[in-house]
Amino acid sequence: MIPLIDLARRYAAHATELDAAIARALRSGRWLLGAELDALESELAAWSGYAHAVGVASGTDALIFALRASGIGPGDEVLVPAFTAVPTVAAVCTTGAVPVPVDVDVATAAIDPEAARAACTAATRAVIPVHLYGRPCDVEPLRALGLVVIEDAAQAHGALERGTSRAVATSFYPTKNLGGIGDGGAVLTDDAALASEIRLLRHHGMRELYVHERVATNSRMSEVEAAVLRVGLAHLPAWNERRRAIARRYRDAAPGLAWHADHPRHVHHLCVLRTPDRASFAARLPAATGVHYPLAVTQQPAYRRFARAACPRAEAWAAQCLTLPCFPELRDAEVDRLCEALG
Ligand SMILES: Cc1ncc(COP(=O)(O)O)c(C=O)c1O
């Protein structure tokens, strides 16, 4: 059976570099908030084009802090796509604001700007477009709404052009295009005050040791994680190119299938198609497959109470989506076998 993902192959392919990076971080004797995180933050800023990158303990925290540092909290409403990884929505709830699920586009699964406009009320303060599956969604039409825009780029490392959003939040969960060996995340922004506030929020509200300027929490990325991510950042362009090549092979082998809409900068974090008979379609493949995600936000037991308008397109994505293996270490022979089965 071809695996959906295999991180042991990632380690095997880069063991020497990874071992050296991990040893360097450990030998430094400073295991949190040290030189590796400083270097990663500089490298992420240079790579993304944003002036500041702030590393935190997860992608969810990156979203929470970007929202909080933008002044969003109780009494506010935040528009989110009704079809996304649930942490996008959970982050809004954690701030005390109310998430408002908005229906998505039938081809891209991205938040629909017209539906977003219709969902705005006097309490709406922000919108979180999600670059789902690694496809950059068009943020421009959302800017016209006059809201704070915080992009969720957890699945889209390398897909985005430098934008003008207040902040971009990302995740380094191990399976992401840029994944670490544990949890991690970052906020990218041009706003120095926002970056500085997030540095406070991730470290018990302290700038000076034991002087707590904010009621905050601990969300520090470890030095070992930062060192591993620096190795990954150097390989990211090649990894993304390999993902693109695999996704192209599948699409060329089976052009009649209902593929997730392509885009020149799509980085294929997940290679997704839609099929009404998902279970039987998957059963015919020589590969493990995934479902990202089986329920829309409006159908999730913990979140459906936030539903306002009907979101039929989000629910159709949830009913029909199927994820194929698409990771850089997938072997050519495995891609060939899958193409044969798809064709
Ligand atoms: C779109 C999206 N947003 C947010 C997150 C949350 O990231 P993390 O798992 O690092 O907290 C994820 C990953 O799970 C995600 O895919």
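Residues are numbered from 1 along each chain as its sequence is written. Because the model is predicted, local features need pLDDT of at least 70 and side-chain atom pairs count only at pLDDT 80 or more, while totals for chains, interfaces and linings use all residues; side-chain values use heavy atoms, leaving out hydrogens and water.

The ligand has 13 residues around it, and Gly-59, Thr-60, Asp-152, Ser-171 and Lys-176 come nearest (a residue is near if one of its heavy atoms lies within 4 Å). By type, that shell splits into four nonpolar, seven polar and two charged residues, with Gly counted as polar. Helices α3 (59–69) and α4 (87–95) each put in at least two shell residues (helices are DSSP runs, H or I, of at least four residues; strands are E runs of at least two).

As for polar contacts (pairs of N or O atoms within 3.5 Å), a polar side-chain atom of Asp-152 lies 2.7 Å from a ligand nitrogen. Ser-171 has a polar side-chain atom 2.7 Å from a ligand oxygen, and for Gln-155 the distance from a side-chain N or O atom to an oxygen of the ligand is 2.9 Å.

Elsewhere, three strands make an open antiparallel sheet, ordered β8-β9-β10 (strands pair if DSSP finds at least two bridges between them). β8 (258–259) and β10 (321–324) are the edge strands, each pairing on one side only. Two bridges link β8 to β9 (residues 271–274), and Trp-259 stands opposite Leu-273 in β9.

Notes
Polar contact = N/O pair within 3.5 Å; in protein donor to acceptor, adjacent residues only side chain to side chain.
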